Amino acid sequence: MYSPACYSRRRWTYPKDEDRNFVAAFFHLITVVLICTSLVQLKWFRLWGGHCVAHLSTNQFFGFGEFYATTQSQYHLRNGGLITSPSGYVIHYNTSTESLACVTPDVANLMHILIILAVLSMFSSSVGFCLDMVGPTRHYLKLLRRNAVPSITTVLLVITMVGTSYFVTKSLEVSLYEMKIQSDMQITYDYGCYVVTAAGSFSILATACNLLQSPVMVEDPQRHARLVEDWDGPETFSVGMRNMPHPPPPYTP
């Protein structure tokens with residue numbers, strides 16, 4: 001007969017299904033490390049030439065600053081004298097640590113959006129890492145892990161970050177044109193954008209590991225305990241025969 005006490009002793013011998021995926025957890029961890037590195041240490045955009053800021057990184061926009069404009073002057077000779085005339089203006093984004101030239105409010109807002117997307121992607125990757133390491137037992141957590149919902153969310157966030165980076169470069173080009181900066185400037189991507197793209201690739205690998213993982217067969221410990229207790233081997237039948245009060249009648253055709 002089934003006994004709950006016997007099940008409590010046997011459940012350590014026959015543990016429940018541990019739905020884990022250490023390979024996917026490793027890819028989630030690499031994704032978090034890469035995004036955190038690009039967010040804190042690496043430069044995202046580089047501006048070549050002119051008097052604008054040499055590079056832009058997300059750590060320059062962790063806080064909020066103030067904008068102010070300065071006028072540029074152009075010098076030329078007329079009638080033997082030196083005459084100055086305004087030729088344009090430069091917008092500066094003044095933070096607590098430095099002043100960033102040629103950074104308009106649109107560029108600053110896009111950089112703040114990049115920071116928010118990076119934090120959200122790190123959070124989703126961290127959730128995926130915890131699910132893959134722990135092996136959840138609740139049904140809805142298993143669905144999240146097996147369907148790779150955290151890693152797919154990270155991939156979508158990284159794609160949004162890459163698109164936002166493109167809009168940052170376009171916004172810089174528009175701001176340089178509006179400020180009438182005469183120098184020939186070039187705007188290129190830097191290491192931060194490439195590292196974030198690599199983080200998205202690792203998140204895709206984590207997605208593949210979760211989706212391609214074969215489901216683990218769950219063994220019911222209660223059923224196993226009942227079968228073991230109901231049948232203890234051939235001794236059960238021999239003991240039962242010895243305890244019978246009368247032997248069975250002989251066989252007669």
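These questions and answers cover helix packing and salt bridges in a predicted model. Local features need pLDDT of at least 70 and side-chain atom pairs count only at pLDDT 80 or more, while totals for chains, interfaces and linings use all residues. Residues are numbered from 1 along each chain as its sequence is written, and side-chain values use heavy atoms, without hydrogens and water.

User: At what angle do helix α2 and helix α3 pack?

Analyst: Helices here are DSSP runs (H or I, at least four residues), numbered from the N terminus. Helix α2 spans residues 22–40 and helix α3 residues 105–134. Their axes, lines fitted to C-alpha atoms over the stretch in contact, are 8 Å apart. On a scale from 0 to 180 degrees between N-to-C directions, the packing angle is about 160°.

User: Are α2 and α3 roughly parallel or roughly antiparallel to each other?

Analyst: Angles under 35 degrees count as roughly parallel and those over 145 as roughly antiparallel. The angle for α2 and α3 is about 160°. The pair is therefore roughly antiparallel.

User: How many nonpolar residues are in the contact of α2 with α3?

Analyst: Contact means heavy atoms within 4.5 Å. Among the residues involved are Phe22 and Leu29 of α2 and Met122 and Phe129 of α3. Ala, Val, Leu, Ile, Met, Phe, Trp, Tyr, Cys and Pro count as nonpolar, Asp, Glu, Lys and Arg as charged, and the others as polar. The contact has six polar residues, one charged and, as nonpolar, 14.

User: How many salt bridges does a search of the whole structure find?

Analyst: A salt bridge puts a side-chain nitrogen of Lys or Arg within 4 Å of a carboxyl oxygen of Asp or Glu. Arg46 and Asp190 meet in one, at 3.3 Å. Glu173 and Lys170 meet in another, at 3.7 Å. The search finds three.

User: Is Asp190 buried or exposed?

Analyst: Buried means under 20% relative accessible area, exposed over 50%, and partly exposed in between, with a 1.4 Å probe and protein chains only. Arg46 is partly exposed at 25%. Asp190 has 8% relative accessibility, so Asp190 counts as buried.

User: Which residue forms a salt bridge with Asp132?

Analyst: The closest N and O atoms of this salt bridge are 3.1 Å apart. Asp132 lies in helix α3 and its partner in helix α4 (residues 139–146), so the pair ties together parts 13 residues apart in sequence. Asp132 is buried, with a relative accessible area of 1%. The partner is buried too, at 2%; the partner is Arg145.

Terms used: Helix = DSSP H or I, 4+ residues; strand = E, 2+ residues; numbered from the N terminus. Parallel < 35°, antiparallel > 145°, perpendicular 65-115°, else oblique.
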